[in-house]
Structure formats: structure tokens, C-alpha cells
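Student: I have this model open on my screen and would like to talk it through with you. Can we go over it together, piece by piece?

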Amino acid sequence: MYLTNTQLTVGNGKCYACGKHNNYDENGMNVYQWSDDGSVEQTFKVVYGASYNNYNGGYRFRAKTSANGQYRVLDIVKSGSSVISGCNVEIWAPTDNVAQYFEIIEVSSGKYKIVPVANTGVALTSYGTSNGSNAGTASTSAGNIYLSTYTGSNNQLWTFTEISTVAETAYANMDFSFPLSVTTISSGYAKRNYDGKFHAGIDIPASAGTEIMSANTGKVVKIIDEQNTTTGRGYGVIVESSSNYVYGTSTKIRTMYIHMQELSTLSENDTVTKGVTQIGKVGNTGASGGNHLHFSVISDGSTGAGLTQERTLNPFFFYPNVSFTYSY
Ligand SMILES: [Zn+2]
């Protein structure tokens, strides 16, 4: 099974979905059921992994909200080293085979039990029929997803729904180039746990002075010079694509590069070529805690002040073939 964008729904036609985790892209975020709200945090990639240790492989559920499925996966909070009834389920980096590989077994037409490869007597279970919460991590917390001995109850039977990938495919086909040679991310396109704010781009740490190349071909529409150290974007540039549109609209995609070392040598209306034109150099200007590039993809045609999730696109959609690593 390889389902690109999969929503899991538990029970007999109830409108609850697995995988809500407050949109936090961080280790240890609780997973709980929630009414279908169409958000990316309710979708997973279901990807088969090769065999390991004495097990015969299994499926990982890759959280779409994290690097488009690359970095966080469904993870069992083990009891000691054991995967047993009562263990909670969260998202975590893909580092623990025992806690992160599952078998998917059809019980009746279109309904599946999802069991850890390490212990097939227990199954992914939702508690009750209410919406859950990030804080409700006990096996009796309303709406929580956890492991329980398999009994065949409706709260242990799941369906898989494939979500349309048309827009994502369109973005991937635009073949943007990544603006830096390094691909380690220190903050993803997700809500941050520590302040509850949505981070509408990605942060890529790099040495001061590292060259930033344009991700797309187009023209410069904004030169940014905001040096306030609590609110400013420092030195930056916004490029508008010449021929890449926000899917289904007539708005052209814009890319934004901020916290650069110095004012860009480019000017507004200059044309740029992806992977060829240097935008500037990595720095630590404006509201920045270290040398890094903040990179956003703007979807509302604006000059990028106060960006939100609704006004941006997930940068990872544009780089399906880049393997990102995380430093947080
Ligand atoms: Zn940032």
C-alpha cells in the first residue's frame, strides 16, 4: 500500500479522523481523533518499509504536515521497551522501528485493523466518539488514539480515503530549485508548540555568507529592508514567478527570502533565473536568532508582511525529490 495522501477514519461512518495533532510539527505531539476538517494534519502517507530485525517490515504512517510526509511518523509511546495495550500514540521522527511499523489487515470490506508489527494482539484504537485534544494522552481521554487489545469494536476499524493530489502534483512539476545547497531544516512549515504561532515558511540554518539562489524564474517585486530586531524581516527579496500560478487561480506564485546578511544587489523589476541568479547571502538580520534563511512561498500576491497559513503554500510541495533532515 502506498497512499500518497491518506485520511484515516475510525468506526462505522462516524466523521472522525485520525491524525490530528494541532498542526505541530514536533516530536511527542499527541494524536487524537477529530471531525474531518480538511486540514493537512489529518492526512498521512502510508509507506511500506523493508524488513528489519526479526520482523517482516510494515507500514509507516508519515504525517503530511511535516515536510510533506518526510519527517514525522505515527509513533507508539512504549511502556519500557514494550508495545502493549494502553500505550499512547503520537508523532515522532522516524527513528524507532519497533514503535513505528504497523500491519494493515482488512477485517471486512474496506475496514481495516491497524496493528503494530511488534505486537499484533493490540490495535490502533480511538476512545469514544468525541473530538480529542493535544493534552488528552491517557487511554481514557476523550477522543484519544492509543493501543488496546483487539476486540473488533468499531473504535478499532479504520477506513482509508485518498485525498486529491492534483495541486501538489502541479507544484512538484514546476520544478523549483532549492535556494541553498544545504537542506537541513531548523523550523518547518507548521505551528510552533512553544508560542502557538504558525510558521509560514521554512528555516534553513547555514553559515553567514552562503549564497542564496532564486528558487523560481521571474522578476523581483520587493526589496525588503526591515532591521527591527523584534519584528523585522531584515534584508530580503521577493520574486514573482513569470509563469507559475497558484493552482486554480490567476495569482502568480511568489517566493520570499529574508534575514539576509546585507541588502540585495538586485533591484525591483530585475529578472531572475532559478538556480542561476543570486538573491543574496545568508545572514542574521531583523528578528532572527542565528544565521539562517527563512524561505516562504506566497500565494496571495502580496509582499509578504504578516504571512499566515492561508496566504502561503507549503514549500515542501515544490521539492518532492529533496531529502530534508531536521535539526530540531
Ligand atoms: Zn522562519
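Student: OK, what is the mean pLDDT of the protein chain?

Tutor: The mean pLDDT of the protein chain is 89, and 91% of its residues reach 70 or more. Over residues 12–17, however, the pLDDT is below 50, although this stretch has 19 contacts in the model beyond near neighbours in sequence. Where pLDDT is low, the predicted coordinates should not be read in detail.

Student: And which domains is the chain divided into?

Tutor: Domain 1 covers 3–162 and domain 2 covers 175–326, and their centres, taken over C-alpha atoms, are separated by 33 Å. To the contact between them, domain 1 gives 12 residues and domain 2 gives 11 residues. On the side of domain 1 that touches domain 2, the residues divide into 4 nonpolar, 6 polar and 2 charged.

Student: What about the largest nonpolar core, how many residues does it have?

Tutor: The largest nonpolar core has 71 residues, and those with the most contacts inside it are Val89, Leu147 and Tyr257. Strand S21, residues 252–260, supplies the largest share of this core, with 5 residues.

Student: Where does that core lie relative to the domains?

Tutor: This core lies between domain 1 and domain 2, because both of them give residues to it.

Student: Which residues does Leu147 touch?

Tutor: Leaving aside residues up to four places away in sequence, Leu147 touches Ile76, Val83, Ser85, Gly86, Cys87, Val89, Val122, Leu124 and Thr125.

Student: Changing topic, how do S9 and S10 pair?

Tutor: Strand S9, residues 102–108, pairs with S10 in the antiparallel sense over 6 bridges, and the bridge partner of Glu106 is Tyr112 in S10. The two strands form a hairpin with 2 residues between them, and Gly110 in the turn has a positive phi of about 75 degrees. As for S10 itself, 5 of its 6 residues are buried, so this strand is largely enclosed by the rest of the structure.

Student: Which residue other than glycine has a positive phi near 80 degrees?

Tutor: That is Asn269, which is placed in the loop between S21 and strand S22. His259, also not a glycine, has a positive phi of about 65 degrees, and this residue lies in strand S21.

Student: Is His259 buried or exposed? And Asn269, buried or exposed?

Tutor: His259 counts as buried because it has 26 C-beta neighbours inside 10 Å, whereas Asn269, with 8 such neighbours, counts as exposed.

Methods
Residues numbered from 1 in each chain as written. Predicted model: local features only at pLDDT ≥ 70, side-chain atom pairs only at ≥ 80, totals over all residues. Domains from an automatic or database assignment. Contact = placed C-beta atoms within 7 Å. Nonpolar A, V, L, I, M, F, W, Y, C, P; charged D, E, K, R; others polar. Core = buried A, V, L, I, M, F, W, Y, C linked by C-beta atoms within 7 Å. Buried ≥ 20, exposed ≤ 12 C-beta atoms within 10 Å, placed from the backbone. Helix = DSSP H or I, 4+ residues; strand = E, 2+ residues; numbered from the N terminus. pLDDT = per-residue confidence, 0-100. Pairing = 2+ DSSP bridges.
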